[in-house]
Amino acid sequence: MDTTSQAAVGLQLIEAGQRVTVRVPATSANLGPGYDSLGLALALHDTLTVETLETDELLFDLRGEGAETLPQDASHLVIRAMEAAFERLGYRHGGLKVTAENVNPHGRGLGSSASAVVAAVSAANALVPAESRRGQDWVLQLTSELEGHPDNVAPAIFGGLALSWQDSEQYSSTSATVAGSVVPVVAVPDFELSTEAARALLPASVGHHAAAMNAGRAALLIHALTQKPEFLLAGTEDYLHQSYRAEAMRPSAALISALRNAGHAAVVSGAGPTVLVLANGESEAAAVVAFIERFIAANTPEISWRVLKLAVDVEGAKVELHRR
C-alpha cells in the first residue's frame with residue numbers, strides 16, 4: 001500500500017495494534033412520502049472489524065453478501081470512506097486487516113452502501129487518538145457528503161426513525177422513537193436496482209398539488225410511526241417518486257399495490273426493489289408475511305424473494321475499540 005503521498009501532506013500515522021468493531025443496522029429510506037428525509041433503522045446488521053498493523057499491507061476478508069462480486073482491495077467503498085475520514089481528521093493509516101461480515105443485501109434498497117460508509121467512518125474516528133475524535137454529528141456530516149444525502153446514513157448512525165434535512169452544505173438529523181407495535185416486514189427480490197438508475201426515472205419537478213399532498217402525508221406518517229400506528233396506511237401514501245419508479249421494478253410495484261389494496265402499509269424501501277411493510281402489531285405482521293408468500297406463489301414464482309419480519313433497531317451504529 002503506497003502511503004507516500006499521504007505522508008507528504010503531513011498527516012499523522014495511526015497507531016498500530018488497535019482493533020475496532022462496528023455493528024451497523026440496515027436502513028429503509030423514504031418510507032413512502034418522506035423522500036430523502038425519513039429513514040428507519042432495521043435490525044439486520046453488518047459488522048466491520050478493522051485492525052491496524054505494523055506492516056503496510058492491506059488484508060481484506062469479505063464474507064456474506066457481496067463476497068463474490070465486490071472488490072477486496074483499496075478500491076472497496078469501506079477503504080475509500082475510511083481514508084476520507086482519516087484525512088479529514090488529520091491522520092493516515094499504515095497496514096490494515098479488514099473483516100466485513102455482510103448480512104444486508106446489496107442493491108436492494110436497504111441502505112447497504114450507507115451501512116458500509118457509516119461503519120468505515122465510525123471505525124476511522126475510533127482509531128484516531130481520543131483528543132482527535134469527533135462526535136456523531138461529525139460522522140453524519142461526512143457520511144452524508146459521501147452518500148450525497150442523509151436519509152440512510154442518519155438512521156444507521158442514530159437508530160430508530162431519523163428525520164433529516166439539509167441547509168446549504170450542512171446536514172442535520174434528529175431521531176424519534178417508533179411506537180412499540182410497529183413491526184417492519186421486508187420482501188427482498190433476487191434482482192437489483194441501483195439508486196442512480198432509480199433517481200434517473202424521476203421528473204425534474206412536480207406540481208404544487210402533488211407537493212402539498214405529499215407534505216401532508218409525510219407529517220401524518222411521523223405521527224403514525226410514533227403515536228398512532230392505525231394511520232400507517234394513509235401516512236405512507238406517496239405522490240413524489242414511487243409511481244415514476246414502478247416501471248423499473250414491476251414485480252415490486254405489483255406487490256405493493258396488492259398489499260395496499262388489502263389494507264397494509266406497503267412502500268418501496270429506499271430506491272427499491274425491496275418492498276417494506278409497516279405492520280401494526282405482530283398479528284398484522286404475520287398476516288402480511290402470509291399474504292406476501294401467497295402473492296409470490298401466484299404471481300411471481302420465477303422470482304426468488306426473501307421475506308423477513310424484522311424489528312426497529314433503536315441503537316444505531318455500535319462501536320467497540322480494543323488496544324493491545
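Reply:
**The largest pocket**

The largest pocket holds about 940 Å³ of space. A pocket is an open set of points on a 1 Å grid over the protein atoms alone, where a 1.4 Å probe fits, with protein on both sides within 12 Å along at least five of seven lines; lining residues have an atom within 4 Å of a point. Volume is the space filled by probe spheres set on the points, which are joined across faces, edges and corners.

The model is predicted; local features need pLDDT of at least 70, side-chain atom pairs count only at pLDDT 80 or more, and totals for chains, interfaces and linings use all residues. Residues are numbered from 1 along each chain as its sequence is written, and side-chain values use heavy atoms, with hydrogens and water left out.

The lining has 50 residues, and His106, Gly107, Ser112, Ser113 and Ala114 are the closest to the pocket's centre. Two or more lining residues come from each of strands S2 (18-30), S3 (34-53) and S6 (95-102), and from each of helices H2 (77-89), H3 (112-127) and H6 (195-200). H3 gives the most, with six residues. Helices (H or I, at least four residues) and strands (E, at least two) are DSSP runs, numbered from the N terminus.

By class, the lining has 17 nonpolar, 20 polar and 13 charged residues. Ala, Val, Leu, Ile, Met, Phe, Trp, Tyr, Cys and Pro count as nonpolar, Asp, Glu, Lys and Arg as charged, and the others, Gly among them, as polar.

As for location, the largest pocket lies between domain 1 (14-175 + 313-323) and domain 2 (182-309), because both give residues to its lining. The domain bounds come from an automatic or database domain assignment.
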